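Student: I have a structure open and would like to talk it through with you. Could we go step by step?

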Number of protein chains: 2
Amino acid sequence: MNRKGLAILMRTRMIPNNLSISPEEAIRTQPHIGNKQPDGKSNNPSFQKELKVVQESMHSAIALSKTDVVNPILSEFSEDYLSLSAENRRELLVGLSQEYDVNRKQVRELIQQYLVLEAPSGEKSRASFLEEESLSSAFYRTERNLRHALQPKYEVLFDRLNTHPGGLKFLTILRTDILSILAEENVASLRALDSYLKEKFVTWLSPAALELHHITWDDSASLLEKIVAYEAVHPISNLTDLKRRLGLGRRCFGYLHPAIPGEPLIFIEVALLKDVAETIQEVLWDDPPAPESEAACALFYSISSTQPGLAGINLGKFLIKRVIELVKRDMPHISTFATLSPIPGFVQWLRSKLASQKKLAEAETESTLHSPSEDRPVSTFRENILRPEEEKALLDSAVDLTYGNNGVEVMWNLLSSTNCEWTDSERLLSALQAPLMRLCARYLLQEKKRGKALDSVANFHLQNGAMVERLNWMADKSEKGLHQSGGIMVNYVYRLDKIEENAQSYFSGGHIQASYNLQHHLQPQNEE
Amino acid sequence: MNRKGLAILMRTRMIPNNLSISPEEAIRTQPHIGNKQPDGKSNNPSFQKELKVVQESMHSAIALSKTDVVNPILSEFSEDYLSLSAENRRELLVGLSQEYDVNRKQVRELIQQYLVLEAPSGEKSRASFLEEESLSSAFYRTERNLRHALQPKYEVLFDRLNTHPGGLKFLTILRTDILSILAEENVASLRALDSYLKEKFVTWLSPAALELHHITWDDSASLLEKIVAYEAVHPISNLTDLKRRLGLGRRCFGYLHPAIPGEPLIFIEVALLKDVAETIQEVLWDDPPAPESEAACALFYSISSTQPGLAGINLGKFLIKRVIELVKRDMPHISTFATLSPIPGFVQWLRSKLASQKKLAEAETESTLHSPSEDRPVSTFRENILRPEEEKALLDSAVDLTYGNNGVEVMWNLLSSTNCEWTDSERLLSALQAPLMRLCARYLLQEKKRGKALDSVANFHLQNGAMVERLNWMADKSEKGLHQSGGIMVNYVYRLDKIEENAQSYFSGGHIQASYNLQHHLQPQNEE
């Protein structure tokens, strides 16, 4: 599982304060800002009272013995919680994580009981069979009790909310808040609570409980509104754009959970095309779309999650598989399943690479100036990022000397310009193409973190069994596309007969399947 | 929660060998019978090989590292399992419970680590804040690891099957088998596995994951076929009967799980009536039904679960609540929500009561014969089950002397007759009515087991917050109705403003809410 990657891949447009989710809720959940005292604590008595009231209803929701009677209290607690200020939410959540933690006294008692019992051996003499079965029963009982005792008391609250109408949605809001607190400060108890809640979500949102829904123009406006609001990859500009994405030659599928009706947890957009598209422009703006009967390729061009509170829960994996099965069944003439994907981390990685080389080079130049010595070794961290012919082309095209003294500096400066002015110059574009494409291939296929692809989207698709098929130059000329990946996009391809095998070899050995063309980028050329 | 009660309440027509569920499956899952060797072990080599193959695929399904690749193996395992004989299934399941149990070595190691760590105190000096947070993190990590280690290894198999297409259904078949093995012999490890699997089901089948579906004549034949097959309370005799139950003045609602499409896990049948019905005959045979606009009462007359493998999992509770909400919303003129329910344990309870009194009386008579002694005390277990006037009426009407020498004997004999001949005699019927109605009220309101109503259906509705409203004489003249409850049925009523309160007082004090009329049955009359 690749939490961070998916979080990036499925980044949604978060509401600025990070504490709420949907526009309607934004209004009522907007924390009261500007009431903080200088010491960071709110001394406003009406707030303090409010917090106490909510803590009280939270306490009741956990302490009461039966879910039946607990329902009005859960409703009250959820409503009151949403009225709290960010600061009070923090206090309540940290309190929950500490006061309703594991009962450690009970755990220690059960551990003592457990350690003196003998584990069942599995081999029983027939004579004492009954006696041993009863000893075994006692052992299993204690083990189960210990297992239960190790569950924190706040589990009750989570479980009750999960079965309460609207409770699952409320829990995603709660977790959004938790994540934003943890992004600011590391509270160990709250982190433990978050990891527990996340495990709960994984169980509740098992693919078995999710319904794959084909989203069409006939769906309710409130559902479609959410598609517009949460489309994270290629923003939907207007209703016509939305209608096109749901119309002829297009498909949109979402995972719905029965407890959160009318709001897909994640959705994927598909274009039915003759060939695997090279640019996002042709996907978003081909008009009219190709007839569906002539389509040979289903292209996944966008996948967005709608719930920041579900960060780190891999919903996309099963979604892609199920969508492929569905499309395959309905349209057997479609033989290629591919993506046109962003490479969100490429430019950031490249710039930090260039910056460190720049620094090393400067340091060397300086030390050479101060103590010229022929046998000073070149730093082992130095590498030739650019090939000589690439550097030459760059320097030739960068006529304006402010671009830098060497290829690395020129490239760093070009990639750091706020308005990507280099895209306006044919010469710069053509000088950058070769090194950027080559370095992008290297980034995707060779740069790893803990044995997995460094790029989050790459890791997501490779985990799912895709292979890296093709890099596309100037495939996304949007501001975001240029800034994140120098305008490059990548096609991942899902070959149905290789999905399992690819996923397996990626998992076990971090092996990344790539087309011949892509690997070709990486072959060493006439070295300097 | 009342496992046994619900199991009885929702008893489904099990396929005789108890090892399979639906008719289609019955054919392929029918265990090979008649191949047993005298020593109880199958020496047929083809069987042994088969078992080994299935054990091997089970092993792979657990041992492989990724769900992605595990799918074909899960399919293979499920298919192979269903081809196994009952005996081999038993061997496989017991093996699973023992070989893939908790890793106790790891648990003991983690316990040692855990015991030396100090639990976070929650109170931290600001100075060592960071250090303490990192110690706390280590503590929480160990605690989580211990919690995970206490989960048996077979959990992986359950989780993987749950996310595998058809896997949830397969798991219900697996549990049906487990329950039928445990009904025969107590294998501690298998019982522990069953309790673990049951907890899993409770999470997976949380009401949040279930969809309330209004079942109509427009549903697929395959779904309706299941309603016919699983209706457990009042069997559906033919298609016309089914059509009536789904037509005007009637409703049928079921809980569907996305992973088991087209097969409700539990369903409830509702009649929209002018008044609370007194007999099941008028519900099943009123023709034509009253116009829906005139209905003032929604009567729940049948609730059936379809999955023997989900025994003990309370799906009915939330179903009734949600159906009430739905009906209330669509038909605000409906003000009464009641049931017409069987009293499945009444006659059995009464007969054993009568039998023990008969025995005590016989023993006393004998001892009086052998050693006549005026001051011999009457056994403290003796009680006057019948009131004198009831006994007199019974003896007067039982002209045929073979019925017995006293009221208790007469009643016992009448209730034990195979064909319930007493229902053919007006005199017997009228003599039995008063004592049976009175004793039935006593059974429902006063007979308890661990503080809960002894009758499973009563306990089910009382738990849900209903009250006992009315007993109806000769309300179910079917063979089953006469044998189980002497033809008596009971109306439970759900008063919307009292549901929570009733449920709470039943839970906390075992207090049973009953109408004045019903309590009246229990008032002592002129005592002998």
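Student: At what angle do helix α5 and helix α9 of chain A pack?
Tutor: Happy to start there, and keep in mind that this is a predicted model. Helix α5 covers residues 86-99 of chain A and helix α9 covers residues 167-184 of chain A, and their axes lie 10 Å apart. The packing angle is about 95 degrees.

Student: Are α5(A) and α9(A) roughly parallel or roughly perpendicular to each other?
Tutor: Angles from 65 to 115 degrees count as roughly perpendicular. The angle here is about 95 degrees, so α5(A) and α9(A) are roughly perpendicular.

Student: Which residues in α9(A) do A:R89, A:R90 and A:L93 meet?
Tutor: Those three sit in α5(A). By class, the contact of the two helices has 3 nonpolar, no polar and 3 charged residues. The partners in α9(A) are A:D177, A:I178 and A:I181.

Student: How are the two copies related?
Tutor: Chain B can be laid on chain A with an RMSD of 0.1 Å. That takes a turn of 180 degrees and a shift of 0.0 Å along the axis. The same surface serves both copies, as 98% of the contact residues of chain B recur in chain A. The copies are thus related as by a two-fold rotation axis.

Student: Is B:L210 buried or exposed?
Tutor: B:L210 lies in the loop between α10 and β1 of chain B. The cut-off for a buried residue is 20 or more other C-beta atoms within 10 Å. B:L210 has 25 such neighbours, so it counts as buried.

Student: Which residue of chain A is in contact with B:L210?
Tutor: Here we leave aside neighbours within four places in sequence. Within chain B, the contacts of B:L210 are B:L205, B:Y255, B:L256 and B:H257. From chain A, the contact is A:P258.

Student: What is the phi of A:C420?
Tutor: Most residues other than glycine have a negative phi. A:C420 lies in the loop between α17 and α18 of chain A, and it is partly exposed, with 17 other C-beta atoms within 10 Å. Its phi is positive, near 50 degrees.

Student: In which loop is the place of B:M474?
Tutor: B:M474 is not a glycine, yet it has a positive phi of about 50 degrees. With 17 C-beta neighbours inside 10 Å, B:M474 counts as partly exposed. Its place is in the loop between β8 and α20 of chain B.

Student: Over which residues of chain A does pLDDT stay under 50?
Tutor: Chain A averages a pLDDT of 82, and 84% of its residues score at least 70. For the stretch you ask about, the model has 78 contacts beyond four places in sequence. The stretch is residues 1-48.

Note on methods
Residues numbered from 1 in each chain as written. Chains lettered and ligands numbered in written order. Predicted model: local features only at pLDDT ≥ 70, side-chain atom pairs only at ≥ 80, totals over all residues. Least-squares fit on C-alpha atoms with pLDDT ≥ 70 in both. Contact = placed C-beta atoms within 7 Å. pLDDT = per-residue confidence, 0-100. Axes fitted to C-alpha atoms, helices over the stretch in contact; angles between N-to-C directions. Helix = DSSP H or I, 4+ residues; strand = E, 2+ residues; numbered from the N terminus. Parallel < 35°, antiparallel > 145°, perpendicular 65-115°, else oblique. Nonpolar A, V, L, I, M, F, W, Y, C, P; charged D, E, K, R; others polar. Buried ≥ 20, exposed ≤ 12 C-beta atoms within 10 Å, placed from the backbone.
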